Amino acid sequence: YSGLDEIARRTGRTSELEDHLRRAHEGLYDDAKRRGDEAAKSNDWDRAIRCYEEAISSARKLGRDTELERAIKESKVSRAMERGNRQETEGRWEEAIRIYEEISPLARDVGRGNEVEPRLGAARERRFEQAMQTAEQHERNGQWSRALQEYRSIKTLAGQMGRDRDVEVRINNALVSEAVAEGKALEAQGRWSEAIQRYETVATLAESTGRGQEIGRLILDARSGFVRAERNRATDLESRGEFDGAIGVLQQLRATARLTGDSENVEQDILRIKGKRFEQGLDTAKELRNREDFQGAVRTYESIRTYAAELGREDELSRLLSRCREEQFDAACAGARRLEQQERWDEAIDEYLRLRDMARSAGQEAALDKFLLRARTGRFEACLQRGRQCERQDDWSGAVAEYERACAFGDEVGRRAEAEALLQNAREEKAAREFVPEYGEEESFAMPGDIVASAYDSTGSVFVAAD
């Protein structure tokens, strides 16, 4: 019939076609409705819904859709009630709750909300009680994580039932109990710091559950255990001569010791071990000085300077350190003096200059200046000596070079004028020796500058005879 609309219009039989269509829709509707009603009577709700939905299109054509739609909703509510009841029977309360919550709006539409709501409330109550009992069993077994998981699974449900505060209290209490159990396990392993931290994570929460004093006591006990353990560790390090390590352990313990009232004992331990560390440093430095490792001895004395201040032995350490630096300076100068004896003046001077900072630390700057002057004087005299030797060998170029070096060093020893006089004389002698007359001139001639002679007297002083 649906495909005959155009033909019916052209032939003027539209009314006849509409009558046939109406009768066909009525037949489809009546048949589907009958089969749906039969299925509903036998509680076969899935088949009833399918039959009703087959006829919904015809029902709308006939204006009878309201009745059929209500039948569909009624069937869906009945099906949900049946399924929910089955889930309840099997103890699957969460699934029953889900089914009732999904069908509740539809049930209210068809006036059956008073059937679903009590079932939903009862299912929620049973699920709530089931979860609480399971969680409590986990708590009795010390399985706090599983108890927490169970409590958290019903937080939303508890809110719907107006019992969210009850669950929140249970969760907080389980969190505190879990922390207590873990903290005690850590204490048993000697892991005191971790135990303290675990207790502290729930300190605020414990106040809200009325267990603040309990957690406070556990924290204090754990801190006391930590102090005892660390003091024992420091004592062990002390017995092995590892005084710095022992002091470090006890210094880190100060803050906790103040909280447990053990500050006085800890400070006494620190002072005692510092005294041993100070004596150890003195013995080590003495051995190093005996081996002439003065630099190592100085470092050792410096490493115990802070302990000396706390022990009231600063003056003693200062005297030892000063003496050691003097010995270090004397040993270093001995090498430079050997270079002087070998007349290796430049190397000796460099060595003395390298000792400037050491001399300052040892308070030997005046002595170093004296040694430097001696070495520089030796270098200056060596230049003069070599210059005179060149003169005796009539090597005036060599003499000039040596006297020029002496001039460069003259200011350092306050004898520049002396070196310049010798340099001037050597330059003049060199110029006189280098003068050659032109070819054919007489051989006799006057010396440049009317200088006729120069020589050294028995003391090595210069004199000049002029024409």
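A residue counts as buried under 20% relative accessible area, as exposed over 50%, and as partly exposed in between (1.4 Å probe, protein chains only). The structure is a predicted model, in which local features need pLDDT of at least 70 and side-chain atom pairs count only at pLDDT 80 or more, while totals for chains, interfaces and linings use all residues. Residues are numbered from 1 along each chain as its sequence is written, and side-chain values use heavy atoms, with hydrogens and water left out.

The protein has 24 helices and 2 strands. These are DSSP runs numbered from the N terminus, with helices being H or I of at least four residues and strands E of at least two. Of the 467 residues in the protein, 37% are buried. Contact here means heavy atoms within 4.5 Å. Among the contacts with a separation of 6 or more, 51% join residues 24 or more positions apart.

Asn43 is not a glycine, yet its phi is positive, at about 60 degrees. With 44% relative accessibility, Asn43 is partly exposed. Ser75, in helix 5 (residues 65–89), is buried, with a relative accessible area of 2%. Apart from neighbours within four places in sequence, Ser75 is in contact with Trp45, Ala48, Ile49 and Tyr52.

Next come two helix pairs. Two packed helices are described by the angle between their axes and the distance between the axes. The axes are lines fitted to C-alpha atoms, for helices over the stretch in contact, and the angles run from 0 to 180 degrees between N-to-C directions. Angles under 35 degrees count as roughly parallel, over 145 as roughly antiparallel, 65 to 115 as roughly perpendicular, and the rest as oblique. A crossing is left-handed if the near helix is turned anticlockwise from the far one by less than a right angle, and right-handed if clockwise.

Helix 7 and helix 8 (residues 144–153) pack with their axes 8 Å apart, at an angle of about 165 degrees. Helix 7 and helix 8 are therefore roughly antiparallel to each other, and the crossing of helix 7 past helix 8 is left-handed. Residues in this contact include Arg127, Ala131 and Met132 of helix 7 and Trp144, Arg146 and Ala147 of helix 8. By type, the residues of the contact of helix 7 with helix 8 are 6 nonpolar, 3 polar and 5 charged. For this count Ala, Val, Leu, Ile, Met, Phe, Trp, Tyr, Cys and Pro are nonpolar, Asp, Glu, Lys and Arg are charged, and the others, Gly among them, are polar. Gln133 also belongs to helix 7 (residues 113–140) and is exposed, with a relative accessible area of 51%. Gln133 and Ala147 are 14 residues apart along the chain, and their C-alpha atoms are separated by 9.7 Å.

The second pair is helix 22 (residues 365–392) and helix 23 (residues 396–413), whose axes come within 8 Å and cross at roughly 160 degrees. That makes helix 22 roughly antiparallel to helix 23. Helix 22 passes helix 23 in a left-handed crossing. The residues of this contact divide into 11 nonpolar, 4 polar and 8 charged.

The nonpolar cores are the next topic. In soluble globular proteins, nonpolar side chains tend to be buried together. A nonpolar core is a set of buried Ala, Val, Leu, Ile, Met, Phe, Trp, Tyr and Cys residues joined through side-chain atoms within 4.5 Å. The largest nonpolar core has 42 residues, of which Tyr199, Ile215, Leu250, Phe278, Tyr301 and Leu317 touch the most other members. Helices that each supply at least two residues of this core include helix 10 (164–188), helix 16 (263–290) and helix 19 (314–341). Helix 13 gives the most to this core, with 8 residues. A second, separate core of 29 residues includes Ile99, Val110, Ala123 and Phe128.

Not counting residues up to four places away in sequence, Tyr301 touches Leu317, Leu320 and Leu321, among others. Arg305 lies in helix 18 and is partly exposed, at 37% relative accessibility.

Finally, Glu343 is found in the loop between helix 19 and helix 20 (345–354). Glu343 has a positive phi of about 55 degrees although it is not a glycine, and is exposed, with a relative accessible area of 56%.
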